[in-house]
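Please read the following report alongside the sequence and the coordinates.

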Amino acid sequence: MIKRFLSLEWKQFRRASYFQKGIAIKILLFLAVLYFGGIAIFVGGAMFFGLKKIFPEIDPIVMVNNFLIYWILFELMIRYFMQQLPVMNIKPLMIIPIKRNTVIHYLLGKTMLSFFNFISPLFLLPFSIVLLFQGYPVANVILWFFALMSITMSINFLNFLINKSNTVFYGIAVMVIVIVALKYFNLFDVTEPVGKIFNGLYNQPYLAIIPLLIVVGLYKANFNFIRKGFYLDGAVSKKIKEVNATDLSWMDRFGSVAPFLKNDIKMITRNARPKQVVLMSFFFLFYGLFFFTQKVYIEEMPYLLGFASIFITGGFLLSFGQLVPSWDSEYYKLLMSQNIPYRQYLESKWYLMVFAVIVAFILSTPYLYFGMDIYLIIAAGALFNIGLNTFITLFGGALNRVPIELDTKAKAFSNTNGFNPTQLLIALPKLILPIIIFFIPYHFISFNAGLIALALSGVIGMVFKNFFLNKIEQVYQKGKYKTIAAFSEKK
Amino acid sequence: MIITSNLSKKYNGVSVLHIQNLEIPKGQSFGLVGNNGAGKTTYFSLLLDLIQPTTGYIKNNNVLVHESEDWKPFTSSFIDESFLIGYLTSEEYFYFIGELRGQNKADVDALVSQFEDFFHGEILGQKKYLRDLSKGNQKKAGIVAALIGNPEVIILDEPFANLDPTTQIRLKGIIKDLAEKQGVTVLVSSHDLMHVTDVCERIVVLEKGEVIKDLATNAATLKELEAHFAGSEMV
């Protein structure tokens, strides 16, 4: 029976839409996997020596153990938002004469192969190997490694429960908040005792049995949970939440684009996929920290600051905007046959992006800490985003014809939407243009001249808004039939 | 009202629709029947400019459909679920369509309240997103949304499918009323011969993309249609 399941899985994998793409994309994807995998392995291997150098008086493994709690919380969070549960696929299996238990074991087993379970071993395996070569006791290291793998698996199963049960979700959320608050107010640092526990795991290798027991326990809990709810309206169903219509009539002041804006707000707040993207664009806000904390960039490569500033305020623009017509792919036929001029539709998307840039700019105020220059360049970058990047993004969207399933979370590495050569070409000017606009006046005149040039380019873009929108509308009109056909294809 | 001339659609050289000449006058209730693949949905998609004609054109109230967008204000349609916005509640969806067609909330409420009978208490005030409604209830919402904003042309693809018997009968009443009393041109396709003959003044039979029968409905029409489809089944 398991063999049949595996063959089904294989077919699902082989025939998934992201494998039906061109050879070039396959190669690119493969290279990306190699690249990130390679980085992880390298970091894992180099971690030992790096830690030793920075904290010579502390044993690297103690250091790692102390910080593991953060890693665990981080992984839990990432999984909660990103990991797609495989539950929906078992519907067709329910009426076939297969024992329920087999199906559930299979289902849970499948989650063990999730991409997310391979992140921590990618780091930890090389680290452990280095430890062995450094002459650390073999039994301790190996059992420590297995203990951590058990913990990863525990997170895997815990995430399943969190996703399915509100009680567990709120329980964990409260716990995390308490831990962070205690640490923040210097009342109690939970990392220390937890670090001790992990160090204990290392020093007393037989304790590795405890995480193993936790995995088994969580597996059982999951099993029982699904077993109890193994009905169409139980654990395998999507939760149907009761909803209340939201009143967004205050947005009517935006005139003819108001209906679309209201709709977009609802689309973002009520669907899994756009929520995920908005969350990601929030992380873009912190992108500047990479650059502004390092003297190298400020003193030797200031043109890169222009680049960084685009990301800080442009997170939403870049991640949401590049998929613009796709967000409406599920009901694109309606939009195309209803009483809607294309122009209004595009304009509303433009407003949405401008609004997001402004919000991001307000949120970026703390960057003042790095000085007025930095803050001004973020402001100039925001203007560029509003005045030019919005239009480039909308233009690029015309070439994007990948339908999106709104209420399904994107799976890691299957998210190749917008991942085609034209899309890449379109993405280039968004990032390189600000560097050029900033760098040339900066190089020949001064820092302030660069700032002004960047800000001015954005203002000019805004002045020519109607011209740009008209041009973009023409491009959309031209590709209309192709877009409709592509969006109505089954994924 | 709607003039179709020398219209054809080919996919990779295979013709899926070819209509030499078809005129639908204003206020007619027009029924389109045919087996799967006969070209019904293709014709409706061409009418809504969702696909491009290979040759020929459709004129909707003297507007060339594939060249101008001016037919949109007086034409409305419900073809399939992709005409619904899944993350809205029924009310929000009606208001959205209303806003697009220049109707305020009160207008929409007034119109929708006429159909409480038709909704059978399963559409309004449900606190559910459209995507969580059953297929039949989704269809009810979609059909009523197509009536918002006093359209002059209404296009409904398979409106009877998935509906329960009570609702089917009520829908027939609605369609008849639209064409007879309000002068709306209604285009309906269906697999249910009985329903179309009940509802439509004129019935066109499509087969492999060609018009092979064009009948003014009378007492004998149902028999004739049944004989026709029974015959083509035996071949």
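Which residue stands opposite Glu207(B) in E10(B)? That position is held by Glu210(B). This is a predicted model, in which local features need pLDDT of at least 70 and side-chain atom pairs count only at pLDDT 80 or more, while totals for chains, interfaces and linings use all residues. Residues are numbered from 1 along each chain as its sequence is written, and chains are lettered from A and ligands numbered from 1 in the order in which they are written.

**The sheets of chain B**

Chain B has 8 helices and 10 strands, where helices (H or I, at least four residues) and strands (E, at least two) are DSSP runs numbered from the N terminus. Two strands are taken to pair if DSSP finds at least two bridges between them.

One open sheet of chain B contains 6 strands in the order E6-E7-E8-E3-E9-E10, with mixed pairing. Strand E6 (75-78) and strand E10 (210-216) of chain B stand at its edges, and each has a single partner strand, so one side of each is left without a neighbour in the sheet. From one strand to the next the twist averages 15°; axes here are lines fitted to C-alpha atoms, for helices over the stretch in contact, and angles run from 0 to 180 degrees between N-to-C directions. Strand E9 (residues 202-207) of chain B runs antiparallel to E10(B) and is joined to E10(B) by 6 bridges.

Two helices lie on this sheet. Helix H1 (residues 40-47) of chain B lies across strand E3 (29-33), strand E7 (153-157), strand E8 (185-190) and E9 of chain B, and runs at about 150° to E7(B). Helix H6 (residues 165-182) of chain B packs on the sheet as well, touching E3, E7 and E8 of chain B, with a direction that makes about 145° with that of E8(B). Contact between two residues requires that their C-beta atoms, placed from the backbone, lie within 7 Å.

A further open sheet of chain B has 4 strands in the order E2-E1-E4-E5, with antiparallel pairing. Its edges are strand E2 (14-24) and strand E5 (63-64) of chain B, each with a single partner strand, so one side of each is left without a neighbour in the sheet. The pairings within this sheet are listed below, each with a facing pair of residues.

| Antiparallel strands | Bridges | Facing pair |
|---|---|---|
| E1(B) and E2(B) | 9 bridges | Leu7(B) and Ile19(B) |
| E1(B) and E4(B) | 5 bridges | Thr4(B) and Ile58(B) |
| E4(B) and E5(B) | 2 bridges | Lys59(B) and Leu64(B) |

E4(B) and E5(B) form a hairpin with 2 residues between them, and Asn61(B) in the turn has a positive phi of about 55°.

**Chain B as a whole**

The radius of gyration of chain B is 18 Å, which agrees with the value near 18 Å for a compact globule of 235 residues; the radius is taken over C-alpha atoms, and the globule rule is 2.2 Å times the number of residues to the power 0.38. Along the principal axes, the C-alpha atoms of chain B fill a box of roughly 50 × 40 × 35 Å. Among contacts in chain B between residues at least 6 apart in sequence, 67% join residues at least 24 apart.

Buried residues make up 47% of the 235 residues in chain B, a residue being buried if 20 or more other C-beta atoms, placed from the backbone, lie within 10 Å of its own, exposed if 12 or fewer do, and partly exposed in between.

**Chain A**

The secondary structure of chain A comes to 22 helices and 0 strands, and buried residues make up 32% of its 491 residues. Helix H17 (residues 342-363) of chain A has 22 residues and reaches 32 Å from its first C-alpha to its last, close to the 32 Å expected at 1.5 Å a residue; the expected span is 1.5 Å times one less than the number of residues. The buried residues of H17(A), among them Trp350(A), Met353(A) and Phe361(A), pack against H10, helix H14 (303-319), H15, helix H18 (372-397) and helix H21 (465-478) of chain A.

Ser326(A) has its place in helix H15 (residues 324-327) of chain A and is buried, with 22 other C-beta atoms within 10 Å.

**Where the chains meet**

In the interface, 25 residues of chain A are in contact with 27 residues of chain B. Helix H10 (258-270), helix H16 (332-337) and helix H22 (480-488) of chain A each supply at least two residues of the side of chain A that touches chain B, and the largest share, 5 residues, comes from H10(A). The residues of that side divide into 13 nonpolar, 7 polar and 5 charged, where Ala, Val, Leu, Ile, Met, Phe, Trp, Tyr, Cys and Pro count as nonpolar, Asp, Glu, Lys and Arg as charged, and the others, Gly among them, as polar.
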